[in-house]
Amino acid sequence: MTLLPIAHSPVKLEAIFCVQAVETTLGAILTARASAGKPKIRKLEGHFHGMHDCLWYNRAAGLGETRTDGTIAPVPDSEGIPSALADLILVAPFNNLGAFDRIVRSHRDELAAVIMEPIWYNQGCIPSDPESVREVRRISAQNGIILIFDEVLSALRMCRGGGQEYYCVMPDLCTLAKALGVVYPSQPCAVVTRSCQC
Ligand SMILES: Cc1ncc(COP(=O)(O)O)c(C=O)c1O
């Protein structure tokens, strides 16, 4: 994957340009795994990031059982997703810092990234708890876990800086895609390069 530098940015920014939004979240996952050198991804129950088999699990809440490590049993959203892949996805409850803590303690050595819609637009418009977002940022950085904001729906909505500005939290990677699609013919998965370098 080629990261293209973005000119005139106050911080070092690079981007992967894709055609579809679904490719930006896949690109973010592959970048995170390559950068962290770990395989697993934590996603939130009910959050939607496109129809690919890294992340298309538990589209609705309440599908899987809660487990002692803080995760919810992954339930694929389509037939044809191999059961062998279920080991790579950790589904977690939304706005539940206690569960996040347990997941990190149990899986930190294998956990490459956490991905979230900072504002849960796929369920209407449900904001994340601000303290949780800041804690997820802090705990991820401490444990070598890459934080991905999927801002395909939240970019330019709450404010110009999307969820990042709204919560004053800088992710390592963010996906923009359709949010900028009206301006650009291809859709950027912007890569905020703090910890993330392939
Ligand atoms: C937050 C979010 N991320 C990613 C996607 C994937 O977009 P698409 O299926 O258009 O490629 C969607 C689709 O609506 C979305 O809501």
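Analyst: Let's begin with one term: a residue counts as buried if 20 or more other C-beta atoms lie within 10 Å of its own. Keep in mind that this is a predicted model.

User: Let me try that out on Ala177. Is Ala177 buried or exposed, and why?

Analyst: Ala177 is buried, because 29 other C-beta atoms lie within 10 Å. You'll find Ala177 in the loop between β9 and α5 (178–181). Its phi is worth a look too: about 50°, a positive value although Ala177 is not a glycine.

User: Let's step back to the whole chain. How many helices and strands are there, and what share of the residues is buried?

Analyst: There are five helices and ten strands. Of the 198 residues in the chain, 41% are buried. As for contacts with a separation of 6 or more, 63% of them link residues 24 or more positions apart.

User: How do I read a helix, then?

Analyst: The general idea is that an α-helix has 3.6 residues a turn, so residues three or four places apart point the same way. Now take α1, residues 21–36. Its buried residues include Ala21, Thr24, Thr25, Ala28, Thr31, Ala32 and Ser35.

User: How far apart are the end C-alpha atoms of α1?

Analyst: They are 23 Å apart, which agrees with the 22 Å that 16 residues should span at 1.5 Å a residue.

User: Which strands does β3 pair with, and in what sense?

Analyst: β3 (residues 40–44) runs parallel to β4, joined by four bridges, and Leu44 stands opposite Ala92. β3 also pairs with β5 in the parallel sense, over three bridges, where Arg42 faces Val114.

User: How many residues of β5 are buried?

Analyst: Six of the six, so β5 is largely enclosed by the rest of the structure.

User: What should I expect of the nonpolar residues?

Analyst: In soluble globular proteins, nonpolar side chains tend to be buried together. In this model the largest nonpolar core has 41 residues, and Ala32, Ile41, Ala113, Ile146 and Ile148 have the most contacts inside it. Elements that each supply at least two residues of this core include α1, β3, β4, β5 and β8. Follow Ile148 as an example: among the residues it touches are Ala28, Ala32, Ala113, Val114 and Leu173.

User: Last one: how many residues surround the ligand, and which are closest?

Analyst: The ligand is surrounded by 13 residues, the closest being Gln20, Ala21, Val22, Gly50 and Val152. Sorted by class, this shell has five nonpolar, five polar and three charged residues. Helix α1 comes up again here, giving the largest share of the shell, three residues.

Definitions and conventions:
Residues numbered from 1 in each chain as written. Predicted model: local features only at pLDDT ≥ 70, side-chain atom pairs only at ≥ 80, totals over all residues. Near = placed C-beta within 6 Å. Nonpolar A, V, L, I, M, F, W, Y, C, P; charged D, E, K, R; others polar. Pairing = 2+ DSSP bridges. Core = buried A, V, L, I, M, F, W, Y, C linked by C-beta atoms within 7 Å. Buried ≥ 20, exposed ≤ 12 C-beta atoms within 10 Å, placed from the backbone. Contact = placed C-beta atoms within 7 Å. Expected span 1.5 Å × (residues − 1).
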